[in-house]
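I opened this entry to log a few look-ups. Confidence comes before geometry.

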Amino acid sequence: MPNMQNPQLVIPMANFFDQAAENRRNSYFLILLVFAAVFAAAYAFSLLFFGESQLGFAISAILSAVYIAATYHASGSIVLSISGAREAQKGEFPYLVNVVEGLSIAAGIPAPKIYVVDDPAANAFAVGTSPQKASVAFTTGLLNQLDRAELEGVAAHEISHIKNLDSRMATIVVVMVGLIAILSELGLRSMFWGRGGSRGRDGGGPAILLGIVIIALAPLVAQLVRLALSRQREFLADATGAQLTRYPEGLASALEKIGKIGSRTARASDATAPLYFANPLSGFQLFSTHPKIEERVRRLREM
């Protein structure tokens, strides 16, 4: 195994590109599954409210598209606001600003806006619908407890999310999963309001039953796909970030330290969890938004 203490380490290019290509293929496939789940949920919603009507489905699809567009463009500022992030001033965080700006130049993208979240946990996240509209945020716990090489590794990981357009993908998926949840909630409530039942008495019984089944299953499928997508993009950002710094050990060491310090972030939620560097939620989770730290470290040290 190569000497990981050498900052000039060059990652074997075949290994890196093979891993990156595989993760991209898997991610695009999962995005298609989420789109399919949105289509299915909109179709089921139209069945429950409008019966077997093409006009009803058209209305549902148009309203869904309007919701996605409006929420998508406001997503970055919404996430930063609910996370309690404040813009990092160069006078207060000179090294952080220099690191992010330097890595952005190396990655060939505009420097994102830099934010700090006052939280003792060690974590970070990136948001933005494009590299030109991106932002990165770091907790004060991470800034206070990582050394230079480790901080550079985490920053490179987040810059890689922006470069790889992961932030855009994550935003799309979060918005669409939220839409599926809304459609499912309204669809199920319609059964109690009697709307679905009246359609069933008009001869749409089988269609209504199909709508109920889709509405019940779509949120579960969407959540599972979202979690799988999040894990794929974390592996890809680890690989790209290590290539960016040419020092995988810095990121691997940061992951190990964060595993000991803890990454639970007070203002994180189930909706924003996939955006974070490490799992920001506490308690038992049947399905995690992030791969295990041990697996991420193993892959980095095998480069």
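My notes below go from confidence to cores, then to a helix and some loops.

**Confidence.** I am working with a predicted model. I looked up the chain average first: pLDDT is 80, and 79% of the residues score at least 70. I noted a caution for myself: where pLDDT is low, predicted coordinates should not be read in detail.

**Cores.** Which residues have the most contacts inside the largest nonpolar core? I found Phe 138, Leu 142 and Val 154, in a core of 38 residues. I then listed what Phe 138 touches, leaving out residues up to four places away in sequence. Its partners include Leu 96, Val 100, Ile 114, Leu 143, Val 154 and Ala 155. Tyr 115, Val 116 and Val 117 are also among them, as are Asn 123 and Ala 124. Another core, of 18 residues, lies apart from the largest one. Among its members I noted Ala 37, Phe 49, Leu 179 and Ile 180.

**Helix α8.** I checked the span of α8, residues 248-261. Its 14 residues reach 20 Å from first C-alpha to last, close to the 20 Å expected. Which residues of α8 are buried? I listed Pro 248, Glu 249, Gly 250, Leu 251, Ala 252, Ala 254, Leu 255 and Ile 258. For the later part of that list I recalled a general point: an α-helix has 3.6 residues a turn, so residues three or four places apart point the same way. After α8 comes Gly 262, with a positive phi near 105°.

I looked up Leu 165 and found phi near 65°. Leu 165 sits in the loop between α5 (148-163) and α6 (166-193). Leu 165 counts as partly exposed because its relative accessibility is 30%. Arg 246 also has a positive phi, near 60°. Its place is the loop between α7 (195-245) and α8. At 34% relative accessibility, Arg 246 is likewise partly exposed.

**Thr 129.** Is Thr 129 buried or exposed? Its relative accessibility is 14%, so Thr 129 counts as buried, the cut-off being under 20%. Thr 129 lies in the loop between β3 (124-127) and β4 (135-139). Leaving out residues up to four places away in sequence, Thr 129 touches Tyr 72, Ser 75 and Arg 168.

How values were computed. Residues are numbered from 1 along each chain as its sequence is written. This is a predicted model: local features need pLDDT of at least 70, side-chain atom pairs count only at pLDDT 80 or more; totals for chains, interfaces and linings use all residues. Side-chain values use heavy atoms; hydrogens and water are left out. pLDDT is the predictor's confidence in each residue, from 0 to 100. Helices (H or I, at least four residues) and strands (E, at least two) are DSSP runs, numbered from the N terminus. The expected span of a helix is 1.5 Å times one less than its number of residues. Buried means under 20% relative accessible area, exposed over 50%, partly exposed in between (1.4 Å probe, protein chains only). A nonpolar core is a set of buried Ala, Val, Leu, Ile, Met, Phe, Trp, Tyr and Cys residues joined through side-chain atoms within 4.5 Å. Contact means heavy atoms within 4.5 Å.
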